[in-house]
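Subject: Structure handover

Hi,

Here is the structure I promised to pass on.

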Amino acid sequence: MEQKTYNPYVTAQTQFDQVADKIGLDQATRELLRQPSREFHVTIPVKMDDGTTKVFNGYRIQHNDARGPAKGGIRFHPQETVDTIRALSMWMTWKCAVVDIPLGGAKGGIICDPHNMSLGEQERLCRGYVRQLAKVMGPVIDVPAPDVMTNGQHMLWMMDEYETIHGGHYPGTITGKPVGMGGSLGRKEATGYGVIYTLREALKALSIDIASTTASIQGFGNVAEHAARLYTKLGGKIIAISCWDNNDKASYTYRNKNGIDVNQLASIKDAFGTINKQKAIDLGYELLDGNEWIAQDVDIILPCALENQITPETLAKISDKVKVICEGANGPTTPDSDEIIKEKNIYLIPDFLCNAGGVTCSYFEQVQCNMNYFWSKEEVLEKLDQKMTSAFHAVHNLSKEKNLYMRDAAYVIAIHRVAEAVKLRGWI
Ligand code: NAD
């Protein structure tokens, strides 16, 4: 059977159009918000260690900045596409709006595979990217952050290049910086913890005791690892975790029906979130096909890796036991799967609400940089919990009140806020 392919930008626009119809959004606002405001496509020549020069393609896409400076991560990925970045920039706008922080939406990406690049090559790539975009980014314009396969070190190289070009200290230019260099305590944990704060509240609303639940997770990178840590701390049991293995160019699911020890599994993964296959087998994990994470007999599934992972084909394998889907990743579910999730009456915590903890903490990082005064980790996580909990309840309550699917309820709140900002500014 031929595999259906999904374009995330089409997904993002389909989701938007459906809600725009529901709330009767006027034509001009609809046209403005269903596409990015600005796109920058750049070429980045990088001197490689072997003396050759390689030209990389990079993008920065600003979807909307009516509520504040554009905000969004920068990804490194060999299969990055402009449409994926367009979709992600749109989701960033809704994400900042649904948690009610004064920022807009953007996303960046560079087509590259850091697995095959030395640190020096990665540094030159980061600096080259900023040289191309220094005029259209900055604390009051557009503020990047880490995302898939980028980290605090990449952000610091980018900030340093920006400050060199602009001649001053501008720590609010970029977030996700290392702690001690303008970074916020708690940023590392923020997205994964935010995922679990929303899950905790959803389970309360469903009258399910988190300590009686089991879960399966796709991914074991930044988001998944910290989500796994907090979920198990609250008493939940993780049965399976899947990740990508770059040596085998395949994904695997690691299963322990008695419950995964997150610390142990984290101790045998690399910086890209890949679990060492042999060590996992030696520790007694069952090795299953990469797609098996979704087929486990668990209460909760957490897609925390990539977009387009929950499709009608993969949903066909889902257990009847699953009660909650917690979207840690951006765009993990295709629109045709939403219909099946509704039919199955599975409670969905939609991506741009569920994983908004990262950008919320990035916003806290900017606030701390502006004050030049940094909070304790407890203070950061407490403020994060408050923001995520209140955003969750606003969406949950609207979904109950108006009998809306959770994704639609989150969109209604976010679109209303952005449309209002656009109108107040007199753009429409
Ligand atoms: P990461 O690069 O740290 O980790 C990605 C993980 O996904 C790795 O463990 C990798 O092995 C795994 N993976 C990749 N392909 C896979 C496949 N086919 N099957 C199974 N596993 C696979 O990335 P991250 O920062 O954890 O981001 C994960 C998702 O969360 C992305 O969709 C990202 O856009 C989203 N997100 C991240 C943040 C953040 O703060 N890092 C914030 C919001 C949303």
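Predicted model: local features only at pLDDT ≥ 70, side-chain atom pairs only at ≥ 80, totals over all residues.

Residues are numbered from 1 along each chain as its sequence is written, and side-chain values use heavy atoms, with hydrogens and water left out.

**The ligand site**

There are 26 residues around the ligand, and Thr191, Phe220, Trp244, Gly273 and Asn330 come nearest. A residue is taken as near if one of its heavy atoms lies within 4 Å of the molecule. By class, the shell has eleven nonpolar, eleven polar and four charged residues.

Where does the shell come from? Helix 6 (187-205), helix 7 (222-233) and strand 7 each supply at least two residues, and strand 7 gives the largest share, three residues. Helices here (H or I, at least four residues) and strands (E, at least two) are DSSP runs, numbered from the N terminus.

A polar side-chain atom of Asn330 lies 2.8 Å from a ligand oxygen. From the backbone, an N or O atom of Asn222 lies 3.0 Å from a ligand oxygen, and one of Ala305 lies 3.4 Å from a ligand oxygen. The protein covers 90% of the 840 Å² of accessible area that the ligand has on its own. Accessible areas come from the Shrake-Rupley method with a 1.4 Å probe, and for residues only the protein chains shown count as cover.

Two side chains are worth a look here. Thr274 sits in the loop between helix 8 (262-266) and helix 9 (277-282), and its side chain reaches the backbone oxygen of Trp244 at 2.9 Å. Thr274 counts as buried because its relative accessibility is 13%; buried means under 20% relative accessible area, exposed over 50%, and partly exposed in between (1.4 Å probe, protein chains only). Glu225 lies in helix 7 and counts as buried too, at 11% relative accessibility. The Glu225 side chain makes a polar contact with the side chain of Lys269 (2.7 Å). A polar contact is a pair of N or O atoms within 3.5 Å; within protein, one must be able to donate a hydrogen and the other to accept it, and residues adjacent in sequence count only if both atoms are side-chain atoms.

Strands 6 and 7 run parallel, joined by five bridges, and Ile217 has Ile241 as its bridge partner in strand 7. Two strands pair if DSSP finds at least two bridges between them.

Strand 7 (residues 237-245) also pairs with strand 8 (residues 250-255), this time in the antiparallel sense over six bridges. Asp245 stands opposite Ala250 in strand 8. These two strands form a hairpin with four residues between them, and Lys249 in the turn has a positive phi of about 50°. Strand 8 then pairs with strand 9 (residues 286-289), antiparallel over four bridges, with Glu286 as the partner of Arg255.

**Helix 3**

Helix 3 (residues 82-98) has 17 residues and reaches 24 Å from first C-alpha to last, close to the 24 Å expected at 1.5 Å a residue. That expected span is 1.5 Å times one less than the number of residues. Of the 17 residues, 16 are buried. Just after helix 3, Asp100 takes a positive phi of about 60°.

**A few loop residues**

Asn345 has a positive phi of about 60° although it is not a glycine. This residue is in the loop between helix 11 (335-343) and strand 12 (347-349), and is exposed, with a relative accessible area of 68%. Asn372 also has a positive phi, near 55°. It lies in the loop between helix 13 (357-371) and helix 14 (377-401) and is exposed at 65%.

Cheers

Key:
Nonpolar A, V, L, I, M, F, W, Y, C, P; charged D, E, K, R; others polar.
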